[in-house]
Structure formats: structure tokens, C-alpha cells
Amino acid sequence: MKKHEIIVEMRRRLGLDKKILAEILRVDVKKFEKMESVSEEPDTQTWKLLCEMLDIDEEKALSEDFRLGTLHFTYKIDREKFDNIYVAYMKMLKKFFSGPWKVYVLSRVKVRRGWKNFFDLFFFDSRTSVEREMKAFAPSFLVSKGNINLLVHFEKDILNIVEIGDIALEKRFVYDGFRYSRANRVRLK
């Protein structure tokens, strides 16, 4: 794939605005538009940053037979700019997904199987198990627009956006070792 094809496909599949992606890649909007339209290649630093965010190998991405798989996009949040982590999460959601996006809060529970479940039931009281889960609290959201369904998850200072497809249409679904349940819709003001 060519660099501009990766940029165009990523933006289309994630449904993100040019202005936001230009800011994330630390270029101005005009340069971003040129990178999308083939009239200008992204510089080495911008290309490296993009590949890191998409978790793809820089060299393999340029091969003829390369195809983007399920998109997994990560973005480091600068916590210094915000009063607290909750404010940071809400501002990031608003920045990335305002407008026609539907945003839902998701509950997230680790799927336990086999002996781990058995030991939790018989050797730990339920309060201990709940306390362990609460220490690992990280908010998750389902964000959708048209046929684009994204799982947005904040963990520490990292915003993770994963393309999850039609499983998001279910009220409850399992993805990557976690059970998600859709709750209330969030209005981003």
C-alpha cells in the first residue's frame, strides 16, 4: 500500500476529522490534505508516529500486498493539560467524537474461565474479587456513526480506539477477553 492510501483508509474507517488527525500527527490541516491527496509524502517523523499509533510495521506497510487489518489506534493523553483524569477522558471523547457520533457508556468485565473462576468462587469472598476489579477501573465507550463502530477505552494515559464491527450492535458482546454491556448514551456538550 502507498502511504496516502493508508492515511485515507485509516481516516475513513475510524471516521475521524481531518483537523483532529492533523493535530494528532503534529502537522497543519493543509499538509494533512496534501498527504491524503498524494501531492506530498508524510515526512519520516510523521510516518513513524502514524505507524506507532496504528501499531503497524513501517516497512511492511509499504509492501504491495499489505492490507490494514482491524484498526487499533492509540493516542497518549497529556494529563498536564487537565484538572483530573475524568476531565481528560471527557474532553478527549468530545474532541474526537462530537457531532453525529452516538456515544454509549460500556461496562467492562474480564471474562474468567476455568480454574481462575473456581478459585475466586470458593477461596475469595466476592468483595475481594470486586475490589480487584475496581482497582483496574478504566472507562470504556461504544462510539458509532453509520456503519462505523469503535470501542474507545481509556487506560492510564492512553486512549485506545479499536474498530469492532457489527458485534457492537448487540447490547452485550465479548471482545478481546472482556465482556461488555452497553448502558446509557452520553451527550457530549
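Modeller: Of the 189 residues in this protein, 41% count as buried. Keep in mind that the model is predicted.

Colleague: Fine, what does the secondary structure come to?

Modeller: It comes to 8 helices and 7 strands. Of the contacts with a separation of 6 or more, 60% are between residues 24 or more positions apart.

Colleague: Let's take Lys3, then. Where is it, and why is it called buried?

Modeller: Lys3 sits in helix H1, residues 3-14. Its relative accessibility is 16% and the cut-off for buried is under 20%, so Lys3 counts as buried.

Colleague: Which residues does Lys3 touch, leaving out those up to four places away in sequence?

Modeller: Glu41, Pro42, Trp47 and Leu62.

Colleague: One of those is Glu41. What makes Lys3 and Glu41 a salt bridge?

Modeller: The side chains meet at 3.7 Å, N to O. The limit is within 4 Å for a Lys or Arg nitrogen and an Asp or Glu carboxyl oxygen, so the pair of Lys3 and Glu41 qualifies as a salt bridge. The two come from distant parts of the chain, 38 residues apart: Lys3 is in helix H1, and Glu41 is in the loop between helix H3 (29-36) and helix H4 (44-54).

Colleague: Back to H1 itself. How do you know that its length agrees with what a helix of 12 residues should span?

Modeller: At 1.5 Å a residue, taken one time fewer than the number of residues, H1 should span 16 Å. The C-alpha atoms at its ends are 17 Å apart, so the two agree.

Colleague: And which residues of H1 are buried?

Modeller: Lys3, His4, Ile6, Ile7, Glu9, Met10, Arg13 and Leu14. After the helix comes Gly15, with a positive phi near 65°.

Colleague: What does H1 lie across?

Modeller: Strands S1, S4 and S5 (158-163), and H1 runs at about 90° to S4. Those strands are part of an open sheet of 7, in the order S1-S5-S4-S3-S2-S7-S6, with antiparallel pairing.

Colleague: What makes S1 and S6 edge strands?

Modeller: S1 (72-76) and S6 (172-175) each pair on one side only. From one strand to the next, the twist averages 30°.

Colleague: How do you know that S3 and S4 pair?

Modeller: Pairing takes at least two bridges, and 6 bridges join S3 (residues 140-145) to S4 (residues 148-155), so they count as paired. They run antiparallel, with Lys145 opposite Ile148 in S4.

Colleague: How many salt bridges are there in the structure?

Modeller: There are 10. One of them joins Glu23 and Lys95, with the closest N and O atoms 2.4 Å apart. Glu23 belongs to helix H2 (residues 18-24) and Lys95 to helix H6 (residues 85-97), so the pair ties together parts 72 residues apart in sequence.

Colleague: Why is Glu23 called partly exposed?

Modeller: Because its relative accessibility of 44% falls between the 20% and 50% limits. Lys95, at 27%, is partly exposed as well.

Colleague: Lys76 and Asp157 also form a salt bridge. What does that pair tie together?

Modeller: Their side chains meet at 3.7 Å, N to O. Lys76 is in strand S1 and Asp157 in the loop between S4 and S5, so the bridge ties together parts 81 residues apart in sequence. Lys76 has 56% relative accessibility; exposed means over 50%, so Lys76 counts as exposed.

Colleague: Which residues do salt bridges with shared partners join into one network?

Modeller: Arg11, Lys18, Glu33 and Glu36.

How values were computed. Residues numbered from 1 in each chain as written. Predicted model: local features only at pLDDT ≥ 70, side-chain atom pairs only at ≥ 80, totals over all residues. Heavy atoms only, no water. Helix = DSSP H or I, 4+ residues; strand = E, 2+ residues; numbered from the N terminus. Buried < 20%, exposed > 50% of the residue type's maximum accessible area, 1.4 Å probe, protein only. Contact = heavy atoms within 4.5 Å. Axes fitted to C-alpha atoms, helices over the stretch in contact; angles between N-to-C directions.
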